[in-house]
Amino acid sequence: MFQLTEDQVDLAEAVAGFCRETLAPTVEADDEHQVFRPELFRAMGEQGFLGVPTPEEHGGLGLGYFEYCVVLEEIAKVSASYAVTVAVNGLPQVILGQFGTEEQKAEWLPKLAAGEALGAFALSEPESGSDAGAMKTTAERRGDTYVLNGTKFWITHGGVADIYICMARTGGPGPKGVSAFILPGDATGLSFGKKENKMGLRASPTVELVLDDVVIPAANRIGEEGFGFNVAMAALDSGRITIAASGVGLSQAALDYAGVYATERKQFKKPIIDFQGVSFMLADMACKIESSRLLVHKAAWLRDQGLPYANIAAMAKCVATDTAMSVTTDAVQVLGGYGYTKEHPVERYMRDAKVMQIVEGTNQIQRLVIGRHLKRGWMR
Ligand SMILES: Cc1cc2nc3c(=O)[nH]c(=O)nc-3n(C[C@H](O)[C@H](O)[C@H](O)COP(=O)(O)OP(=O)(O)OC[C@H]3O[C@@H](n4cnc5c(N)ncnc54)[C@H](O)[C@@H]3O)c2cc1C
């Protein structure tokens, strides 16, 4: 766990090489103009990066979450937006792999893993974010179909996804009234509202879904009626590890950039890295990143062993993304005024880091999960 195997190092190098050649050239312009490129998503699929932990029989690489984190860290070093694309496209794979029928798996997993279909996850609504169990979108059973009505908000890949795993209410109030559905991107009655103009992750589209009498086959339900909240929470437990891994990659990129800059930039006739005030800052950044990476690897390892991992996943998400925020902010500081301009990538890293403290459950919600877990252990 403390040292990558030769195979894992080879995988990391292959991903890094691909990202340098294929993702890096468009990162700055796409951040500026908010462009998402489906062809880059498909190219990652051709390389096998989109279905790392998906079983080989369903078109994935059949590796572990550990390897998935290694891949995400490398992608995030170059583009946090595409790391999030890979992570979000992974959510339907995790959900269908764990809870889908054989037909649902056969129809969607190979396409999602190969980059032939883009996946999305639709839980949040305008009035229910952290309190997702209070959602209002409804799914009414009519014969062999469900009719969906409502609005989903903040949906990554909204408008470009081929499949949304959509949570909607089939029963009474609260989490127990929620069911999960496969919602095809071309379903009649599904339309797309506002595309958010965001601070960061600007190459990753975030769009409102409007469901107006959307009819889907009853066979598109995932699990039993009323089981949808469990489906969503299980997906988020896994998803938190992937956001944490992306946070580590972003942090590492910021540290490496700031470190090289500090050896080259001279003030008072010496490189600024020779001032203790700067080198201590870099040392603290390195310590935080290394601790975050260890937590991410532990969470992934626990999951791969089939051991309970939700609590450590919440810790990893919280620590790694708080680290990403602090490390990227410090990277801007190391570059001084230059760090505050678009001449250098550290300002983008800082903008991209912020959202990682918010998505897949804010870091306050992670602390809530960790606190509850601790309480259970201490109760007599
Ligand atoms: C770029 C982006 C992409 C996203 N992609 C998706 C997606 O693909 N699919 C999807 O379903 N959602 C997505 N989301 C939504 C995201 O999951 C929510 O923004 C997040 O869950 C927080 O919900 P909210 O924004 O409504 O904030 P709120 O829930 O209103 O929270 C506001 C503040 O109150 C705090 N807070 C709330 N409740 C508590 C509590 N009990 N204790 C302590 N503090 C609390 C929060 O931590 C936060 O600081 C995305 C969001 C963004 C910004």
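A backbone N or O atom of Trp-154 lies 2.8 Å from a nitrogen atom of the ligand. Taken alone, the ligand exposes 970 Å², and the protein buries 65% of that (Shrake-Rupley method, 1.4 Å probe). This is a predicted model: local features need pLDDT of at least 70, side-chain atom pairs count only at pLDDT 80 or more, and totals for chains, interfaces and linings use all residues. Residues are numbered from 1 along each chain as its sequence is written, and side-chain values use heavy atoms, with hydrogens and water left out.

**The ligand site**

- The ligand sits in the largest pocket.
- A pocket here is an open set of points on a 1 Å grid over the protein atoms alone, where a 1.4 Å probe fits, with protein on both sides within 12 Å along at least five of seven lines. A molecule sits in a pocket if more than half of its atoms lie within 2 Å of its grid points.
- The ligand is surrounded by 18 residues (a heavy atom within 4 Å). The closest are Ser-124, Ser-130, Trp-154, Thr-362 and Gln-364.
- Ser-130 places a polar side-chain atom 2.6 Å from an oxygen atom of the ligand.
- Gln-364 has a polar side-chain atom 2.7 Å from an oxygen atom of the ligand.
- Strand E1 (119–122), strand E3 (145–156) and helix H10 (363–378) each supply at least two residues of this shell. Helices (H or I, at least four residues) and strands (E, at least two) are DSSP runs, numbered from the N terminus.

- Arg-240 lies in helix H6. Its relative accessible area is 6%, so Arg-240 is buried (buried means under 20%, exposed over 50%, partly exposed in between, with a 1.4 Å probe and protein chains only).
- The side chains of Arg-240 and Gln-366 are joined by a polar contact of 3.3 Å. Such a contact is a pair of N or O atoms within 3.5 Å; within protein, one must be able to donate a hydrogen and the other to accept it, and residues adjacent in sequence count only if both atoms are side-chain atoms.
- Not counting residues up to four places away in sequence, Arg-240 touches Ala-313, Lys-317, Glu-360, Gly-361, Gln-366 and Val-369 (heavy atoms within 4.5 Å).
- Glu-360 is found in the loop between helix H9 (346–356) and H10. Glu-360 is buried, at 12% relative accessible area.
- Glu-360 has a positive phi of about 55 degrees, although it is not a glycine. Most residues other than glycine have a negative phi.

**Helix H9**

- H9 is mostly covered, with eight of its 11 residues buried. Among them are Val-346, Tyr-349, Ala-353 and Met-356.
- The cover over the buried residues of H9 includes H1, H3, H4, H6, H8 and H10.

**Thr-323 in helix H8**

- Thr-323 is in helix H8 (residues 310–334). Thr-323 counts as buried because its relative accessibility is 7%.
- Leaving aside neighbours within four places in sequence, Thr-323 is in contact with Ser-251, Lys-288, Ile-289, Ser-292 and Thr-328.

**Around helix H2**

- Gln-34 lies in the loop between helix H1 (6–33) and helix H2 (38–47). Gln-34 is buried, at 14% relative accessible area.
- Gln-34 also has a positive phi of about 55 degrees and is not a glycine.
- In H2, the buried residues include Leu-40, Phe-41 and Met-44. The buried residues of H2 pack against H1, H3, H4 and helix H5 (102–114).
- Just after H2, Gly-48 takes a positive phi of about 90 degrees.

Notes. 1 Å grid on protein atoms, 1.4 Å probe; cavity = no way out; pocket = protein on both sides within 12 Å on 5 of 7 lines; lining within 4 Å.
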